[in-house]
Amino acid sequence: MNVPLLDLRAQYAQIQNELEAAVLKTLRETKYILGPEVTELESNLQRFTGAKHVITCASGSDALLLALMALDVKAGDEIITSPYTFFATGGSIARLGLKPVFGDINLDTYNIDPKQIAAKITARTKAIIPVHLFGQCAEMQPILDLAAKHKLAVIEDAAQAIGATCKGQQAGTMGTMGCFSFFPSKNLGGAGDGGALSTNDDALAEKLKILRVHGSKPKYDHQFVGVNSRLDTIQAAILRVKLKHLSAWSEARRNNADRYTAKFKSLGVEKLVHPPICHPDCGHIYNQYTIRVPRRDTLRERLQKGGIGTEIYYPVPLHLQKCFAYLSHRAGDFPNSERAANESLALPIYAELTAEQIDYVAETVARCVKM
Ligand SMILES: *Cc1c(COP(=O)(O)O)cnc(C)c1O
């Protein structure tokens, strides 16, 4: 049996006609930059998330960059985030001359531990970027309480978490701003790069719209130095088609996750593989289903031999990246993040997986970890 980590062709086959008609329509309309599909998608996303404003942009990485640019921050200001995340979370901070300050994660959820944030707040701290890793929201209430107490902005990195909830509230709508990614492997993925920001703040929404067109409003008058970061009309058309299916796809991912976890239990390997733990307050959307095993690389090789695709998210935590050597961190500074980086392995979880495929993956994993 062959089980790839992600099979986008299975999804494409399901909606091929709808997608191709939408693409052809935009191609013929020729409104390629900020065309009507972009505005339509933004209002569809407003409805989906419940955010007052949604502003699309060129990528999830740019969404993080734009969110920080929209804040009143200057070089040297400190932004607290998780070291166990995709590079863009830390990269966006550093690119603006801001200082990434890390707080370790909770190993149960892989999300930043609010107590670690509290320990890192200084007079220069301006914002917290909690990452909703793998599709599960960070513990937002204590984070929002800390932010309110110290007058900090909260930028939710919801790149992996569109549709996830925390106490019934949607990812990206609880903080000052939320950032989403439409990278093809995300739950809502385009045919290329794309991203969006959400906010309930009218003034920030206006500023973000100006920042994504070089800081220009009216045209050729520049109040700020912005960037060129727009979502292509053609991508917006594709994402509008896919958004209609998103809830069903996320539901299918949840069912797949439940099947894996039940299977690991029945095979008696639950304690050996540490299936993901879903916090009772959270609606998890399983952008990834990540297990944790000490001999991870051996397991990965064996799964590959069995035709099973896996991935390591993420092998090197941010504080140990060469480009952040100037922060003078050492191995051992964030033990939970380092342990996750050494032990975690993402299994196939996409919506179209069959029960047979899931059982095959779970049985193969169980056999390997018992060896
Ligand atoms: C994917 C991702 C991003 C960046 O999104 P892109 O659209 O690829 O630029 C940022 N943060 C996290 C946690 C991500 O998973």
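This is a predicted model: local features need pLDDT of at least 70, side-chain atom pairs count only at pLDDT 80 or more; totals for chains, interfaces and linings use all residues.

Residues are numbered from 1 along each chain as its sequence is written, and side-chain values use heavy atoms, with hydrogens and water left out.

Back to our strands (DSSP runs of E, at least two residues, numbered from the N terminus, while helices are H or I runs of at least four). Strand 6, residues 165-166, is joined to strand 10 by two bridges, and they run antiparallel. Two strands pair if DSSP finds at least two bridges between them. The open sheet has three strands in the order 7-6-10, with antiparallel pairing. Strand 7 (169-170) and strand 10 (282-283) are the edges, each pairing on one side only.

Now the helices. The axes of helix 1 (residues 8-29) and helix 8 (residues 233-266) come within 8 Å and cross at roughly 150°. Axes here are lines fitted to C-alpha atoms over the stretch in contact, and angles run from 0 to 180 degrees between N-to-C directions.

Last stop: salt bridges, meaning a side-chain nitrogen of Lys or Arg within 4 Å of a carboxyl oxygen of Asp or Glu. The whole structure has 20 of them. One links Glu18 and Lys244, with the closest N and O atoms 3.6 Å apart. Glu18 sits in helix 1 and Lys244 in helix 8, 226 residues apart.
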